[in-house]
Amino acid sequence: MNTAPTPLPPKARLQRDPLAAIAVPLAPIVLEGRYRVLVGALWRLGRSRRGRWVLAAGSGALVLVLALLAARHFAPTSWPLTKGDPGVLMAAGILLLLAQALKAYGWGRLFRRTSAPRPLRSRPAMAARR
C-alpha cells in the first residue's frame, strides 16, 4: 500500500471555508486567553485557605476511593506471603529495613548542608540594599 500523498494537478486550487481561514490562525490566541484566565483562577484558588481545604478534601476522598477499590480487588484472593517461611520472611524484612537505612545514609552524604541551594532573598531586603 502506497502511503505517499497524491499530487495535485498543476493548476488545481484548493477551496477553503472562509470562516476556517479566519478561525484557524486565531485559535491559539483565543485558547491562550482562556488558558491564562483558567490558570489565574486556579492559582488564586490554590493560594487561598478555602482552596487548600478543597484540595485536601479532594485528595483525601481520592485516597479513600482507591483504598476501597484495592481492598475490594484483594478481598477474594489470599495474600501471597501467607504460606511463606516465617524465618525467611523476617530476614527479608530486616534486609529491606537495612537497605532503606543505607540508602538514607548515602543520600545524606551526597547532599551535605553546604551544597544545599541558598534561599532567595525577600524583596524588601533587596530594595534596602539599593
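Does Val65 count as buried, partly exposed or exposed, and what is its relative accessibility? In this predicted model, Val65 has a relative accessibility of 45% and therefore counts as partly exposed, since that class lies between the limits of 20% for buried and 50% for exposed.

Val65 belongs to helix H2, which covers residues 49–74. Together with Leu62, Leu66 and Leu69, Val65 forms a nonpolar patch on the surface. The accessible area of these residues together is about 370 Å².

With 1.5 Å for each residue, the 26 residues of H2 should span 38 Å, and the C-alpha atoms at the ends of H2 are 38 Å apart, so the two values agree. H2 is also hardly covered, for the count of buried residues among its 26 residues is 1.

The chain as a whole contains 4 helices and 0 strands, and its elements follow the order α-α-α-α from the N terminus on. Some values for the whole chain are set out below.

| Property of the chain | Value |
|---|---|
| Residues that count as buried | 2% of 130 residues |

Note on methods:
Residues numbered from 1 in each chain as written. Predicted model: local features only at pLDDT ≥ 70, side-chain atom pairs only at ≥ 80, totals over all residues. Heavy atoms only, no water. Patch = residues over 30% accessible without salt bridge, like charges linked within 9 Å, V, L, I, M, F, W, Y side chains within 5 Å. Areas by Shrake-Rupley, 256 points an atom, 1.4 Å probe, with all protein chains shown as cover. Salt bridge = Lys/Arg side-chain N within 4 Å of Asp/Glu carboxyl O. Helix = DSSP H or I, 4+ residues; strand = E, 2+ residues; numbered from the N terminus. Buried < 20%, exposed > 50% of the residue type's maximum accessible area, 1.4 Å probe, protein only. Expected span 1.5 Å × (residues − 1).
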